Amino acid sequence: MNNKPIIALDFPSEKEVFNFLQKFNEPLFVKVGMELYMQEGPSIVNKIKEQGHAIFLDLKLHDIPNTVQSAMKGLARLGIDLINVHAAGGRPMMEGALEGLEAGTTAGNKRPALIAVTQLTSTTEEQMQVEQKIVLSLQESVLHYAKLTKEAGLDGVVCSVHEAQAIAEVCGEDFLRVTPGIRMLGGDAHDQKRIATPDGAKRDGSSLIVVGRAITGAANPVEAYKEVCQLWEAQ
Ligand SMILES: O=c1ccn([C@@H]2O[C@H](COP(=O)(O)O)[C@@H](O)[C@H]2O)c(=O)[nH]1
């Protein structure tokens, strides 16, 4: 898997996606999330793939093990590069997800990497403790989920930059730390709570960064992407 910044294609339809992608003259690593997938279905993945882009399918599955396993078997056939579940679904669910992906990966193809969301980057420690009634610090909760994810045999986690280094120390450098919540210095955080810059992400142990609105909402998305790449690669 390449380590280019992953652009979150949070658009309402195919039209906006291809209007955006045609501005770039190079293969990208893009993320198809719930907004786009729920509107356009699996065909959007095939169409983006046909243009040569790598794909992170960010559906964050969270259900009983049998359901997630069956869903993953079907999703593996899309030939994506990276996919995820919620670690809160538990170890049997994550193991099921992995089995489903392996079963659905056709001969000669590589299984998509599978990662688990620890605590969303839009969650604060206070919110986690009050709403989820987790009596740990946010860092401890994320580390706990990362260890559980590793034990289940997955390839890594989604976390914020703030927890990435600690996860690498506990789970190893090869265990992926995919970090959304990326903003340029002084940029609007929107609904994100645990944010960092692209260079901060590289310095603090991210394996891959996910960048949405800082690129898709920029006046010149190609320039914004270049700037993110420079900061990410400069460290
Ligand atoms: O913890 C998480 C998990 C996933 N996301 C997704 O990443 C992008 C971030 O978009 P921005 O516009 O850069 O905020 C978005 O698609 C989320 O669904 C996340 O932000 N945090």
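**Reading the core, the ligand shell and the annotated sites**

Reader: Which residues of the largest nonpolar core touch the most other members?

Author: In soluble globular proteins, nonpolar side chains tend to be buried together. In this predicted model, the largest nonpolar core has 63 residues, and those touching the most other members are Ile7, Met94, Ala97, Ile115, Ala116, Val157 and Val211. Leaving aside neighbours within four places in sequence, Val211 is in contact with Pro5, Ile7, Ala8, Ile182 and Val228.

Reader: What surrounds the ligand, and which residues are the closest?

Author: The ligand is surrounded by 18 residues, of which Ala8, Thr121, Pro180, Gly212 and Arg213 are the closest. By class, this shell holds 9 nonpolar, 6 polar and 3 charged residues, while strand S8 (208-211) and helix H10 (213-216) each contribute at least two of its residues.

Reader: Where is Asp63 found, and which residues is Asp63 in contact with, leaving aside its neighbours within four places in sequence?

Author: Asp63 sits in the loop between S3 and helix H4 (65-76), and with that exclusion its contacts are Val68 and Gly89. Asp63 is partly exposed, with 16 other C-beta atoms within 10 Å.

Technical notes:
Residues numbered from 1 in each chain as written. Predicted model: local features only at pLDDT ≥ 70, side-chain atom pairs only at ≥ 80, totals over all residues. Near = placed C-beta within 6 Å. Helix = DSSP H or I, 4+ residues; strand = E, 2+ residues; numbered from the N terminus. Nonpolar A, V, L, I, M, F, W, Y, C, P; charged D, E, K, R; others polar. Core = buried A, V, L, I, M, F, W, Y, C linked by C-beta atoms within 7 Å. Buried ≥ 20, exposed ≤ 12 C-beta atoms within 10 Å, placed from the backbone. Contact = placed C-beta atoms within 7 Å.
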